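Work through the following exercises with the sequence and the 3D structure open beside you. Try each task before you read its solution.

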Amino acid sequence: MSAGTWSEFELIARLTAGLPSAEEVVVGIGDDCAVLDTGGPRLLLLTCDSQVEGVHFTLRTSSPQEIGRKALAINLSDIAAMGGEPRYALVSLHIPRRCPLEVLEGIYTGLRQEAAAAQTLIVGGNVSGTGTAETLAIDITLLGESERGRVLTRAGARVGDTIFVTGCPGDSAAGLHSLLYPDHPYPPTACERLRAIHRVPRPRLAEGRLLSQLGPQIVTALIDVSDGLSGDLGHICERSGVGACIEVARLPLSAELQALAATVGRDPLAWVLHGGEDYELLFTVAPGYEETVQARFAAAGAAPITRIGQITEAASGLRLRWPDGREEPLSVQSWDHFTTPGQARSS
């Protein structure tokens with residue numbers, strides 16, 4: 001039996017089943033970060049992620065600098081998804097023998113830029129060859145911190161909570177589409193913005209901190225949209241033991257996404273619901289606190305947030321509600337490393 005027989009999350013569950021834990025492990029496998037209590041005044045957050053050439057990026061459509069920035073940005077987004085602050089990064093490069101030195105230098109330029117913007121230090125890592133393989137890979141481990149009692153996880157959503165999202169999910173997927181099919185006559189301004197979002201996502205660190213300061217009594221669950229809104233909402237529901245209903249009319253669609261979708265004759269909702277790699281924050285808010293959260297975001301000049309649905313009983317599963325009141329099941333079609341056709345999420 002091969003790894004490809006399993007979905008990504010089935011494989012993780014199988015490989016990690018029965019692993020021992022310890023008293024200091026506050027949050028273990030199954031969230032955006034592990035959370036450890038080492039006895040200090042703050043809790044320690046740990047995450048790691050990889051970017052593999054041909055799967056997550058190619059040098060045909062992204063510059064080395066953009067590749068470096070994105071590699072760190074997606075790890076920073078995991079810290080944001082716990083409401084934490086990033087501190088230290090370890091970077092490992094797996095380098096083909098024929099990889100040009102200027103490519104590696106460009107990647108490190110991007111890493112430095114992203115680290116400086118997030119006030120994060122690159123403090124170590126590793127370099128190894130890939131033998132006969134000709135694929136470049138970047139692996140990053142990131143450490144962060146959070147105050148006690150302020151860590152937000154996927155597991156706290158309750159029936160009746162309101163679902164919010166930052167920004168405009170789907171923009172990255174639309175940008176990727178334009179990169180995969182570059183010969184189409186796209187609207188130039190829209191295409192430029194959407195491609196930039198795909199190439200260098202913006203981790204919502206300030207917004208994650210704002211949600212953390214509101215506390216888990218108000219913000220009950222939090223995740224970043226990496227695999228797709230449908231899939232990541234599914235993660236919240238699975239960990240919280242609830243269902244969810246998304247109101248189609250409330251989903252935020254950027255003007256650029258709508259323009260590009262109209263040009264190519266695509267349904268923009270497919271990108272919004274299933275596209276992934278937006279690294280927006282998806283979160284749930286306890287009933288009665290919706291206006292409080294919206295006011296705090298507005299006062300802070302943070303990213304725009306949109307109320308898109310409600311948490312329901314687990315038996316309801318994931319559902320879409322259309323403007324005419326009709327409801328239907330929301331199928332999860334988000335990214336999976338082993339079951340998504342083509343096995344590449346970048347061009």
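**Exercise 1. Where does Leu210 lie, and which residues does it touch?**

Step 1. Leu210 lies in helix 6, which covers residues 205-214; helices (H or I, at least four residues) and strands (E, at least two) are DSSP runs, numbered from the N terminus.

Step 2. At 10% relative accessibility, Leu210 counts as buried, where buried means under 20% relative accessible area, exposed over 50%, and partly exposed in between, with a 1.4 Å probe and protein chains only.

Step 3. When residues up to four places away in sequence are not counted, Leu210 touches Arg296, Phe297, Ala300 and Ala302, a contact being heavy atoms within 4.5 Å.

Step 4. Leu210 and Val293 are 83 residues apart along the chain, and their C-alpha atoms are separated by 9.1 Å.

A note on the source: this is a predicted model, in which local features need pLDDT of at least 70 and side-chain atom pairs count only at pLDDT 80 or more, while totals for chains, interfaces and linings use all residues. Residues are numbered from 1 along each chain as its sequence is written, and side-chain values use heavy atoms, with hydrogens and water left out.

**Exercise 2. Describe the protein as a whole.**

Step 1. Begin with the secondary structure: the protein has 10 helices and 13 strands.

Step 2. Its radius of gyration is 20 Å, close to the 20 Å that the globule rule gives for 347 residues, so the protein is as compact as a globular protein of that length. The radius is taken over C-alpha atoms, and the rule is 2.2 Å times the number of residues to the power 0.38.

Step 3. The C-alpha trace spans about 55 × 55 × 50 Å along its principal axes, and 50% of the 347 residues count as buried.

Step 4. Turn to the contacts between residues at least 6 apart in sequence: 82% of these join residues at least 24 apart.

**Exercise 3. Which residues have the most contacts inside the largest nonpolar core?**

Step 1. A nonpolar core is a set of buried Ala, Val, Leu, Ile, Met, Phe, Trp, Tyr and Cys residues joined through side-chain atoms within 4.5 Å.

Step 2. The largest such core has 44 residues, and those with the most contacts inside it are Ile138, Ile140, Leu211, Phe283 and Val293. Helix 2 (residues 64-80) gives the largest share of this core, six residues.

Step 3. Apart from this core lies another, of 33 residues, among them Leu194, Leu233, Ala244 and Val248.

Step 4. Take Ile140 as an example: beyond its neighbours within four places in sequence, its contacts include Ala71, Leu72, Leu90, Val91 and Leu111.

**Exercise 4. Is helix 4 enclosed or open, and what covers its buried residues?**

Step 1. Nine of the 10 residues of helix 4 (residues 171-180) are buried, so this helix is largely enclosed by the rest of the structure. Among the buried ones are Asp171, Gly175, His177 and Leu179.

Step 2. The cover over these buried residues includes helix 5 (188-199), helix 8 (255-264) and helix 9 (268-274).

**Exercise 5. Examine the loop between helix 9 and strand 10.**

Step 1. Glu277 has a positive phi of about 60° although it is not a glycine, and Tyr279 has a positive phi of about 60° although it is not a glycine either.

Step 2. Glu277 counts as buried at 3% relative accessibility, and Tyr279 counts as buried at 5%.
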